[in-house]
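Hi,

Here's the structure I said I'd pass on.

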Amino acid sequence: MGLLDDIKSEFSFFGGFTLTAKHLTRPRVTRRYPEEKKPKQPRQHGRHVLNRYEDGMEKCIGCELCAGVCPADCIYVRGLDNPPDHPVSPGERYGYVYEINYLRCIHCDMCVEACPTEAITESKMFEFSFTNRADAIYTKAELVVDDDGMPQKLPWEDWRPGEETMTGGWMRATAPAGNADFEGEVQWSADLGAGIRASEGGQSGHGDDAATGTKALRDVLESHLLTAEIPAEHKGMRGRIWRAKLNQERHKRQLASMKDRVAEMRAAKKAAK
Ligand code: SF4
Ligand code: SF4
C-alpha cells in the first residue's frame, strides 16, 4: 500500500459526508404540514360539490344516476317535482335530498362521470375529519356551492387557495367522450360565479397552455410536471436561485407567523393574570 492509499484510507470517512454535502444545496422536499400544504395533483379527487348554473339554479335534477353508479353505495338522492312557481332546477325534478357518506366514499369520481348535468364534481380538498358518524354524512345544504359558486368552507375543513377553483378540472380536459382531439374545446355549461371554467390541458400530451387555457393551473402545480414541461428559468442554476428566493419568502412568512403566535400567547397569558 502506498502513501497515497494510506492517506485515502485515513480520510475515507469524509466520503460519507459527500452525500450530505450534495443535499445541502438541493431544494427541500419536506414541508411543515399541515401549516404548509403541497400543491395538489391536477386531477386530485377531493370533497364533492353540487354546482349551480349562472342564474343560481341547481344543476342537480334528482335523477339518481350518481347513486346508481356509486360502487361504494354512499350516495343517497331523492328527487322531487319542481314547484312550478319556484323551480329549484331547470329540469322537471330537482334533488330534494342529497347525501354523501364520506366514511364509504373512495373518491373514484364515477358519480361525476355519470352525472348528465355536471351537477356533481369534486374539489381538491380532502383535509376534513369527523368525530362521529353523523358528521361524516354530508347533506345537500353542505354540498351545494354558495352564491359565489364556490364550495362552502365548513369550519372543520382546511381549504387553501387553488383547492376550490378547479372543481372537476380533470373531467373538463376533453370532450365527454375523452377524445384528445377536443382538448381545449369547451363542452360543458357555465357555473355560477365561475362562468365557463377553463379546460385542463395535457390530455393529448402536447401541453399547449395557450390553446388549453391551463396556464394558471400549471403555475400552481408546476412541482408535479414532467421535467420537459418545466420552464427553462425554473431549471438549473436559475431554478436554484428562483427556489432559494421562494424559500426565503416562505421562511419570512413562517417567522412572521411564529412571532404572531408568540405575541398571541403572551397576550393570552397577560389577560389570564
Ligand atoms: S367518488 Fe365514487 S365512491 Fe365517492 S360518491 Fe362518487 S361514485 Fe361514490
Ligand atoms: S348529481 Fe347528477 S347524477 Fe346525481 S342525481 Fe343530481 S343530476 Fe343526477
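Ile120 touches His48, Leu50, Cys66, Cys111, Val112 and Cys115, leaving aside residues up to four places away in sequence. Bear in mind as you look around it that this is a predicted model.

Ile120 also belongs to the largest nonpolar core, which has 19 residues. It is among those with the most contacts inside that core, along with Leu50, Cys60, Cys66, Ile75, Cys111 and Cys115. Two or more core residues come from each of β1 (48–50), β2, β3 and α4 (110–114), and β3 gives the most, with 3 residues. As a rule, nonpolar side chains in soluble globular proteins tend to be buried together.

Now the sheet. There's an open one of 3 strands, in the order β2-β3-β5, and the pairing is antiparallel. β2 (75–81) and β5 (137–138) stand at the edges with a single partner strand each, so one side of each has no neighbour in the sheet. Between β2 and β3 (residues 93–101) there are 7 bridges; if you want one to find on screen, Asp81 has Arg93 in β3 as its bridge partner.

How far can you trust all this? The protein chain has a mean pLDDT of 82, with 82% of its residues at 70 or more. Confidence is highest in helix α3 (residues 65–69), at a mean of 97, and lowest in helix α6 (residues 209–212), at 54.

Cheers

Technical notes:
Residues are numbered from 1 along each chain as its sequence is written. Chains are lettered from A and ligands numbered from 1 in the order in which they are written. This is a predicted model: local features need pLDDT of at least 70, side-chain atom pairs count only at pLDDT 80 or more; totals for chains, interfaces and linings use all residues. Two strands pair if DSSP finds at least two bridges between them. Helices (H or I, at least four residues) and strands (E, at least two) are DSSP runs, numbered from the N terminus. pLDDT is the predictor's confidence in each residue, from 0 to 100. A nonpolar core is a set of buried Ala, Val, Leu, Ile, Met, Phe, Trp, Tyr and Cys residues joined through C-beta atoms within 7 Å. A residue is buried if 20 or more other C-beta atoms lie within 10 Å of its own, exposed if 12 or fewer, and partly exposed in between; C-beta atoms are placed from the backbone. Two residues are in contact if their C-beta atoms, placed from the backbone, lie within 7 Å.
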